[in-house]
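Please keep the structure in view while reading.

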Amino acid sequence: MSRMTGAQMVLEGLQREGVEVIFGYPGGVVLPLYDTLPQYPGIRHILVRHEQGAAHMADGYARASGKMGVCLGTSGPGATNLVTGICTAWMDSVPVFALTGNVSRTLLGKDGFQEADITGITHSITKHNYLVMRAEEIPLTIREAAHICRTGRPGPVLVDIPKDVFQETAEFDWPEKVHLRGYRPTYEGHAGMIRRAAELIDQARRPIIIAGHGVIWSDAQAELVALAEKAEIPVITTFLGIGAFPEAHRLSYGWLGMHGMFYANMAADNADVVIGIGMRFDDRAMGRFKDFNPGAKIIHIDIDPAEIGKNFPTAVPIVGSAKNVLPRLTEHVREAKHTEWLNWIDQVREEHPSLHIRESRRMLPQYVVRTLYEETEGNATIVTGVGQHQMWAGQHYFYKRPRQLISSGGLGTMGFELPGAIGAQVALPEAEVWAICGDGGFQMTMQELAVVVDENLPLKIAIFNNGYLGMVRQWQQLFYDRNFVAVAMTQPDFCKIADAYGIRAIRVETKAEVAPAIREARAHRGPILLDFMIDQEENVWPMVPAGAALSETIEAPAEELAR
């Protein structure tokens, strides 16, 4: 053991946990930590322009790399600015380690300057959080927090440390193992339940797999392909599960939900056995719960027992990691053919293609995404915000591998796109990363362009500029009798904003300019922003209206197709 300050212990502990990058913003109470950072050159600190950006960058870094992302904020507003990003990670099961400073111990609870009860505030949106009151507690706290963050169902943790604890000295005693009573994630799955699931699958005439984010986090794409191929089961994914199954595979039928493929929604609604893997049967994916395929028997495989039976009765619950459960399930199921079932889905797909892009002289956003897919040969990492552009990016770029599409699903966080993409680019410095942004969401966090410049990131930024909060406008058009209120946005000149930060920019105003602009962006060695002036009134189809069932999926009305 050696004697260290609390600040040294924090950085020593994070370094031992393999942390290489911290996204942060300094302030008074965390200055002892910043003062110590130069002693740990193996930890790269990236200075953000707002703490929300730090949390989203840590999130994007984690989703792209599979590692734990770390963000740092000072007390009070610095800590509370992290909250949206922490909640985003919580809803999507992303391992984000949030570190905050707080006022000195003598001022806690006395409404000191920039004091906030951040552990109380984040109690319901973290797997666990800590207020560390003695320096000697720091090594064990860092070790436990990182363990909780990364194991079982991943998720955010928060460690809050008063300023004087950073400055206090104590012996550094690093625990080699973590023992947490009551926290023992189940990875293997119950053998009897796996056999029951295999029997049910063998009896099924119309089985369907719904693969979720958990398949990606457990690195189980190959295991999922093996199961699907052996029993010839069609696979659809959730939105966050995109990439869990290669979309070019013959058994891939896209993704389901509010803006999922029509045929995916119909397949889920007509299956006799639904095998949910690493997904939580949420309302955005499943539509109105009480009317989702009441005749189906549900097999649910998930590492979090709290998800089993939460929204639907489950015939066979299996608590465990998809990585471990799927090979054993594949071993027990019989080889099978479901030709009639696949033919039925194929026919629905032929009659309701969902992803057809109509001929138009307008610059349709679907065309922009499809062109990006073709120009990049489907190899780019795509990071989106939330709204119409997010749905088009999910529909019209076809994904080959896990972690290729990064987006805020559960919380639906506008402003995620730019900082999330920065985190992904930091994690994958050699990769081609595109931030597909809404013009509304981009303005929520566009100050992080400074980080792109500071870090010389070769990020490609595509703004889908229609002058509207597009998804809100679509809802007002369809469900509020076209009563458009507070959705038309006065936009700044995004190219001039990029120029002000020293980033090259191109405005793309016609359909003919789309492919050349993308090629020019790809050839540019540094960051670049493309401002796509897309059709203003284009809507996202198909659509399950809020509160409706999957069976009530509606397609584009004829008058819209004729535009």
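The model discussed here is predicted.

**Helix packing**

Helix H9 (residues 191-203) packs against helix H14 (residues 322-332) at an angle of about 50 degrees, and their axes are 9 Å apart. H9 and H14 are therefore oblique to each other. Their crossing is right-handed. On the H9 side, the residues in contact are Ala191, Ile194, Arg195, Ala197, Ala198, Ile201 and Asp202. They meet Val325, Arg328, Leu329 and His332 of H14.

Which residues of H11 (residues 221-231) are buried? They are Gln221, Glu223, Leu224, Val225, Leu227, Ala228 and Ala231. After H11 comes Glu232, which has a positive phi, near 45 degrees.

**Aromatic rings**

A pair of aromatic rings is described by the distance of the centres and the angle of the planes. There are 13 aromatic pairs in the structure. One of them joins Trp341 and Trp344: the ring centres are 5.6 Å apart and the planes are at 10 degrees, so this pair is stacked. Both residues belong to helix H15 (residues 339-351), where they are 3 residues apart, about one turn of the helix. Trp341 is buried, with a relative accessible area of 3%, whereas Trp344 is partly exposed, at 33%.

Phe442 and Phe494 form an edge-to-face pair, with 5.5 Å from centre to centre and 80 degrees between the planes. This pair links distant parts of the chain, as Phe442 lies in helix H19 (residues 439-445) and Phe494 in helix H22 (residues 494-500), 52 residues apart. Both Phe442 and Phe494 are buried.

Elsewhere, Phe281, Phe289, Phe292 and Phe312 form one aromatic cluster.

**Charges over rings**

| Charged residue | Ring | Distance from charged end to ring centre |
|---|---|---|
| Arg473 | Tyr468 | 5.5 Å |
| Lys511 | Tyr367 | 4.9 Å |

In the table, the charged end of Arg473 sits over the ring of Tyr468, and that of Lys511 sits over the ring of Tyr367.

Notes. Residues numbered from 1 in each chain as written. Predicted model: local features only at pLDDT ≥ 70, side-chain atom pairs only at ≥ 80, totals over all residues. Heavy atoms only, no water. Phe/Tyr/Trp six-rings, centres within 6.5 Å; stacked < 30°, edge-to-face > 60°. Helix = DSSP H or I, 4+ residues; strand = E, 2+ residues; numbered from the N terminus. Buried < 20%, exposed > 50% of the residue type's maximum accessible area, 1.4 Å probe, protein only. Lys NZ or Arg CZ within 6 Å of the ring centre and 35° of its normal. Axes fitted to C-alpha atoms, helices over the stretch in contact; angles between N-to-C directions. Parallel < 35°, antiparallel > 145°, perpendicular 65-115°, else oblique. Left-handed = near helix turned anticlockwise from the far one by under 90°. Contact = heavy atoms within 4.5 Å.
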